[in-house]
Amino acid sequence: MAIKDEISIITEQVHVGSLATINEDGSPWSSPLHFAFTDTMVYWLSSEKTQHSQNIARDGRVSIVLWLPSTPPNVKGVYVQSEAALLTGPAEITARQLYKARFGSGLPDDFYLAEIYGAPLGEIDETKTRGGRIYFKQA
């Protein structure tokens, strides 16, 4: 199966993944979030008041992981290292439309009032990608 097909299967089937950010003291912070993907970006909604959003405002480096529930050796996942940012303007509108299309009425209405963040996928890291585990690195 082509890598793009594997990525599509994972990102379409998995709605919740983990976002890791960096606390002010340098320690890691991980949060479960609902993600939406395009071929080039990953998006999520979150209040600017959450710990991970405050961390991103200070230091945009993030790590995102989505995985299909399975047992070894059939583990499949997408691993992203990127720079995240709060989206505004046309990028925000596009991201919100995509997010709403993905989750529709599956999330509470007030959830959609939160800010929307995005991070570029970058490029596939061929040195790490293998066996259904696809790694992205910053371009």
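## The loop that holds G60

G60 lies in the loop between α2 (51-58) and β5; helices (H or I, at least four residues) and strands (E, at least two) are DSSP runs, numbered from the N terminus. With a relative accessible area of 9%, G60 is buried, where buried means under 20% relative accessible area, exposed over 50%, and partly exposed in between (1.4 Å probe, protein chains only). Not counting residues up to four places away in sequence, G60 touches S82, E83 and A84, contact being defined as heavy atoms within 4.5 Å. G60 and A119 stand 59 residues apart in sequence, and their C-alpha atoms are 9.0 Å apart in space.

## Basis of the model

The model is predicted: local features need pLDDT of at least 70, side-chain atom pairs count only at pLDDT 80 or more, and totals for chains, interfaces and linings use all residues. Residues are numbered from 1 along each chain as its sequence is written, and side-chain values use heavy atoms, with hydrogens and water left out.

## Overall architecture

The secondary structure of the protein consists of 3 helices and 10 strands. Along the sequence, these elements follow the pattern α-β-β-β-β-α-β-β-β-α-β-β-β. The radius of gyration, taken over C-alpha atoms, is 15 Å, close to the 14 Å that the globule rule gives for 139 residues, so the protein is as compact as a globular protein of that length. The rule itself is 2.2 Å times the number of residues to the power 0.38. Along the principal axes, the C-alpha atoms fill a box of roughly 40 × 40 × 25 Å.

Of the contacts in the protein with a separation of 6 or more, 62% are between residues 24 or more positions apart.

## Surface and charge

Buried residues make up 38% of the 139 residues. The accessible surface comes to about 7,800 Å², and 56% of this surface belongs to carbon and sulfur atoms; the areas come from the Shrake-Rupley method with a 1.4 Å probe, and for residues only the protein chains shown count as cover.

The protein carries 12 positive and 16 negative side chains, and the centres of the two sets lie 5 Å apart. Lys and Arg count as positive and Asp and Glu as negative, while His and the chain ends are not counted. The place of a charge is taken as NZ of Lys, CZ of Arg, CG of Asp or CD of Glu.

## The nonpolar cores

A nonpolar core is a set of buried Ala, Val, Leu, Ile, Met, Phe, Trp, Tyr and Cys residues joined through side-chain atoms within 4.5 Å. The largest such core has 22 residues, of which L19, F35, V42, W44 and I64 touch the most other members. Two or more residues each come from α1 (3-13), β4 (41-46), β5 (61-68), β6 (76-83), β8 (115-120) and β10 (133-137). The largest share, 4 residues, is given by β5.

Leaving aside neighbours within four places in sequence, I64 is in contact with S18, L19, F35, V42, W44, V78, Y79 and V80. Apart from this core lies another, of 12 residues, among them A36, M41, Y43 and L45.

A20 is found in strand β1 and is partly exposed, with a relative accessible area of 26%. Beyond its neighbours within four places in sequence, A20 is in contact with W29, S30, R61, V62 and S63. A20 and T94 are 74 residues apart in sequence, with 24 Å between their C-alpha atoms.

N23 is placed in the loop between β1 (16-22) and β2 (28-34), and S27 is likewise found in the loop between β1 and β2. N23 counts as buried at 12% relative accessibility, whereas S27 counts as partly exposed at 26%. Residues up to four places away in sequence aside, N23 touches P28, W29, Q51, N55 and R58. On the corresponding basis, leaving aside neighbours within four places, S27 is in contact with T21 and I22.

## L107, between α3 and β8

L107 has its place in the loop between α3 (89-103) and β8. At 10% relative accessibility, L107 counts as buried. Its contacts, neighbours within four places in sequence left aside, are H34, Y99 and Y112. H34 and L107 are 73 residues apart in sequence, and the distance from C-alpha to C-alpha is 9.6 Å.
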